[in-house]
Amino acid sequence: MEFCEQLLRRMDSLVIFRHLLDDPILSALHGLLTSVETGESGDMTRAYAAFVEAIYRQGGCLARAVAELLREDDNLYVRRKATKREIPAYMEDCLAHELAVFADIAALTPRSFRGLFGDSVYLAGWEEAAIDITADYQKRTEQLSRHGYGIYARYTSFILRDGAIVPVKYPDRISLDDLKGYENERRQVMENTRALVEGKPAQNVLLTGDAGTGKSSTVKAVANFFAPQGLRLIQITKNQLHDLPMITDELSANPLSFILFIDDLSFSGNDDDFGALKAVLEGSVSAKASNTAIYVTSNRRHLVKESFSDRDGDEVHYNDTLQEIISLSDRFGLCVTYIHPDRKAYLNIVTALAESHGILRDREQLCRGAEAFAMRKGGRSPRTARQYIDRILAGEED
């Protein structure tokens, strides 16, 4: 059929979105259109089935799958748009031509191919939807600071693996509503993060204090809260600190905002990674990216494990070295301290968690059980409160 030959040639002419031809749906469609040229009915039937299977794997709606592909694509055009560089007329013309190609692909239905097979072959269908592909893409490119592009459009949490930023497909979905107590501490982190998202000066943050008080949960919950506004979380381990300059440089031109999250950090006195973090906090040859901030959690106020033998060190200017170690935490613009709750605060957290989970239990009985559980666990903390409520929900607590 003539339309198949024309569509195949138009797909082959793609420039801006060329690598999308490797997408399973478009690859299968290309295979189907190519098989039409051979005229072998068996090949066409198998190619059609493979095309429909690819659509089903992406949710069952061809138009929505195509629109999503375009929205999340990382290409030359969207990168120029994100950095507000002038886009030449020839590139705009190319974009318009290619969006028209994808509009025609999104509009395909089983009826489009009926003439290839006649009535003797069953043609599986898919969900049809009317989407203005050009308008949809233009709207998305005007909102890059909220939605991003590439992997940052699809995912909100990332890790560093072999020097590359890779997405976390199933991140912790903890929300601010899940956290009870520590309102003042959380408010400080929220205000700083809001400044980061709004493009205002934001501080690097150190959350320090007792274990189990919700430092890491605060960072993840705040990141989840601001994700719809264009915030992404990248978790980095201590031995990846040397990659921080590379990461910030890579992200500097991205329209989104990023928290570089280092959890449960501490150093030994002669730790090489200490110098890497110090250099980033102090500033290096490359300027600090305005769209990134470092958030660190630690159970140690000064981040460095220090023994009495360290204090008797044999360096001639040891006091200078000691001050350098102690002052690392001072290089964070915002330090937030979390301490274990007293009895009243702990029980308030327990009762708030019980209420949010719909646990109907006499307060005195609830508090008595929570105190006994805390004694068995070695102390009061939000983590202990959460574990106690989880036991009740699981039916393990009388």
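**Notes on the predicted model**

1. Let me start at Ala47, which is found in helix H3 (residues 41–57). Helices here are DSSP runs of H or I with at least four residues, strands are runs of E with at least two, and both are numbered from the N terminus. Ala47 counts as buried because its relative accessibility is 12%; buried means under 20% relative accessible area, exposed over 50%, and partly exposed in between, with a 1.4 Å probe and protein chains only. Leaving aside residues up to four places away in sequence, Ala47 touches Ala28, Gly31, Leu32 and Ser35, where contact means heavy atoms within 4.5 Å. Ala28 is 19 residues from Ala47 in sequence, and their C-alpha atoms are 6.8 Å apart.

2. A word on the ground rules. This is a predicted model, in which local features need pLDDT of at least 70 and side-chain atom pairs count only at pLDDT 80 or more, while totals for chains, interfaces and linings use all residues. Residues are numbered from 1 along each chain as its sequence is written, and side-chain values use heavy atoms, with hydrogens and water left out.

3. Now the overall picture. The protein chain has 19 helices and seven strands, and of its 398 residues 46% count as buried. Among contacts between residues at least 6 apart in sequence, 76% join residues at least 24 apart. The chain exposes about 20,500 Å², with carbon and sulfur atoms supplying 48% of it; accessible areas come from the Shrake-Rupley method with a 1.4 Å probe, and for residues only the protein chains shown count as cover.

4. On to the sheet. Seven strands form an open sheet with mixed pairing, in the order S2-S1-S4-S5-S6-S3-S7; two strands pair if DSSP finds at least two bridges between them. At the edges are S2 (164–167) and S7 (334–338), each pairing on one side only. From one strand to the next, the twist averages 25°. For angles, axes are lines fitted to C-alpha atoms, for helices over the stretch in contact, and the values run from 0 to 180 degrees between N-to-C directions.

5. The S2 end of the order has an antiparallel pair: S1 (residues 157–161) and S2 are joined over four bridges, with Pro167 in S2 as the bridge partner of Phe158. Arg161 is also found in S1. Not counting residues up to four places away in sequence, Arg161 touches Val166 and Gln240. Gln240 is 79 residues from Arg161 along the chain, with 9.1 Å between their C-alpha atoms.

6. S6 (residues 292–298) deserves a look, since seven of its seven residues are buried. Thr292, Ile294, Val296 and Ser298 point one way, while Ala293, Tyr295 and Thr297 point the other way. S6 runs parallel to S3 (residues 205–209), with four bridges between them, and Leu207 has Thr297 as its bridge partner in S6. S6 also runs parallel to S5 (residues 257–262), this time with five bridges; there Ile259 stands opposite Ala293.

7. Two helices lie across the sheet strands S3, S4, S5, S6 and S7. H11 (residues 183–197) is one of them, running at about 150° to S7. H12 (residues 215–226) is the other, at about 145° to S4.

8. Which residues of H17 and H18 meet? H17 (residues 343–356) and H18 (residues 363–377) pack at an angle of about 120°, with axes 10 Å apart. From H17 come Arg343, Tyr346, Leu347, Asn348, Val350, Thr351 and Ala354, and from H18 Arg363, Leu366, Cys367, Ala370, Glu371 and Ala374. By class, this contact has eight nonpolar, two polar and three charged residues; Ala, Val, Leu, Ile, Met, Phe, Trp, Tyr, Cys and Pro count as nonpolar, Asp, Glu, Lys and Arg as charged, and the others, Gly among them, as polar.

9. Finally, two backbone spots to check. Most residues other than glycine have a negative phi. Tyr182, not a glycine, has a positive phi of about 55°, and its place is in the loop between S2 and H11. Tyr182 counts as buried because its relative accessibility is 12%. Asp264 also has a positive phi, near 55°, and sits in the loop between S5 and H14 (272–282). Asp264, though, counts as exposed, at 53% relative accessibility.
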